[in-house]
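Dear colleague,

Please find the structure below, together with its sequence. A short account of the findings follows.

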Amino acid sequence: MNNVIIIGAGPAGMSAAIACAQKGLDVVVIDEYLKAGGRLLGQLYEQPDGSWWNGIEESARLHQQALDLGVQIQLNTPVNNIEHHDGQWTIYTEHETLSTNHLLLATGAAESPIPVPGWTLPGVMSVGAAQVMTNVHRVKPGERGVIIGVNVLSSAIAMELKLAGIDVACMALPKMSQLTDQQAHPKHVLDSLLHVSHMAPSQFVKLGSKLMKNDFMKKLGVTFYPKRGVNMWDIPIQLRKAVIEIYGEKQVEGVTVATIDSNGEIVAGTEENVEADFVCIAGGLYPLAELAALTGCPFYLIEELGGYIPLHNERMETPLDGLYVAGNITGIEGAKVAAAQGTTAGLTIAKQAGFEGLDGEIEEAIQVVEETRDQSYIQFHPEVNKGREMVKEKWEEYVLPLRSI
Amino acid sequence: MTQRIVDHPILGSIEEKEQVSFTFNEKEYYGMNGEPIAAALLANGVRTLRHHEEKATPRGIYCNIGHCFECRVTVDGKQGVRSCLTPLQEGMVIESGGTLPTPVKDWSAKNE
Amino acid sequence: MTEDMIICRCEEVTYKELAETANKYNCSARELKLRTRAGMGYCGGRTCRNMVDKLAADLTDERQTQITLKYQPPIRPIHFGDLGGGQS
């Protein structure tokens, strides 16, 4: 039996493994991917101080640090099921069955799709897929792409594609439907885009972030938003165009776009074709909670954090004995927050495994999570703090009756 | 024609890796040892990895990290292998999935 | 065009089929899944589950505290050969 098993070798899982191993625990980290790092692997952006955040280097550093501390890392290992019997967790992987008293789920996030007619054609992929192909495997997803969905993640990845010498024909909105929520609504998208304005060299967007503090100005902004789009890193961003179809016989040949009004409605007769050999769909991320859901852990739908969240406290404990969560499974945030949560989880596990005198360190680690969140360069959900408060309230509600027993 | 990003302004040049040969649908290709099968195929310009079991529509990678199973292929006789996260090895025999000979019954509402 | 758009890629279930079923039977997400097979394919619903959720007619408050489309093991397909602990 292992002291600690961690599922997910991303920033949260690896940071937790390091924290546990530093306290002397035996740790096994399991991940189905062929490299350690999770979503951190693909990340590449310039930080405010001018240095580059290089996800591959960061992942390699975490991997090496964990190995040096004696952490066992099992890659290429899918987990099919987990069960809890007599205070022990059993983990069924494709290769073997493992057991532990302390199980950390750091399974990260999955991408939400935006369905578009023609989106099953080869050459259509999630925006994260294009990122991984480009930065991690160094293979071009294509020569010329169109990105459907304008948000923080897709804007960052569009820039990464440009860096690698891949042409991005345009970024445009999806056609409005029951399934697109506000992602098809120009005003809402402009609003959320203002959160990345600090990344944009475009005068329009920078100016916009100052001018458009109120709704009226935003509406005006969209109304006067140039129909030809504005450029960010030389990529035309089309908030007044929607992709209505992806076409191609055996694979992607292009997309049909149409002009939309400021409410997202298609203007008839404005359809035109844009040639492309790949298309990225950017619908955002949601916490990948499937393993936690198998355990019977309570869940709450918290849109501010991206979806269903397993109940947990700031120490990263769930209400179930020996079950912990960290990283994007607890809400969509950046890799640095995930890593800080992982460190917190690792220290909490060490405490629960019998190491004394860790309360101070755990408190400090929780502080670091909050500071990292406040200093985040990229905020995926602007209301993340509200979401975190909601989880705290749910936790209090949940444990209160148990305390009085 | 190569689709590889050999030089990158921030990430530098690709590490030299051992080249290996493999077959996909009986055609021979070369890729880098240990890279995902899907990446090796895309570097060779191959996007279509399988056809849908019932409707025969062509499919390629979608999520590229193992969640969607769209990129599944048969590797050395083993079916349902995700090409996006399976490391390429010398001599692999990779086959694309196609339509199944007997379509499963359509349970959808219109047939009730 | 939008009508024929596929929502569940694994089982090729269209928007039209889901919308009509949701409308006709006033379905919960679970019922919608069972009637159309959307979310029941190879990927286990990881790709389309949120869309099936949105198309379900019955958006009750329970949704807030309960995952509407239940996850069941195994969450990854297993080969029969691997099931009984046999050698693959």
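**Findings at the contact of the two chains**

About 3200 Å² is buried between chain A and chain B, and carbon and sulfur atoms give 59% of this area. Please bear in mind that the model is a predicted one. Chain A brings 42 residues to the contact, and chain B brings 36 residues.

With regard to charged pairs, two salt bridges are found across the interface of chain A and chain B. One of them joins Glu32(A) to Arg82(B), where the closest N and O atoms lie 2.6 Å apart. Between the two chains there are also nine residue pairs in polar contact, counted with both residues at pLDDT 80 or more.

On the side of chain A that touches chain B, the elements giving two or more residues are strands E4 (52-54), E9 (109-111), E10 (124-126) and E17 (278-281), along with helix H3 (127-136). Of these, H3(A) gives the most, with five residues. Sorted by class, this side of chain A holds 24 nonpolar, ten polar and eight charged residues.

His137(A) lies in the loop between H3 and strand E11 (144-148) of chain A. Is His137(A) buried or exposed? Its relative accessible area is 9%, which is under 20%, and His137(A) therefore counts as buried. Apart from neighbours within four places in sequence, His137(A) is in contact with Tyr33(A), Leu34(A) and Val132(A) in chain A, and with Pro36(B) and Ala39(B) in chain B.

Yours sincerely

Terms used: Residues numbered from 1 in each chain as written. Chains lettered and ligands numbered in written order. Predicted model: local features only at pLDDT ≥ 70, side-chain atom pairs only at ≥ 80, totals over all residues. Heavy atoms only, no water. Contact = heavy atoms within 4.5 Å. Buried area = accessible area lost by both parts, 1.4 Å probe. Salt bridge = Lys/Arg side-chain N within 4 Å of Asp/Glu carboxyl O. Polar contact = N/O pair within 3.5 Å; in protein donor to acceptor, adjacent residues only side chain to side chain. Helix = DSSP H or I, 4+ residues; strand = E, 2+ residues; numbered from the N terminus. Nonpolar A, V, L, I, M, F, W, Y, C, P; charged D, E, K, R; others polar. Buried < 20%, exposed > 50% of the residue type's maximum accessible area, 1.4 Å probe, protein only.
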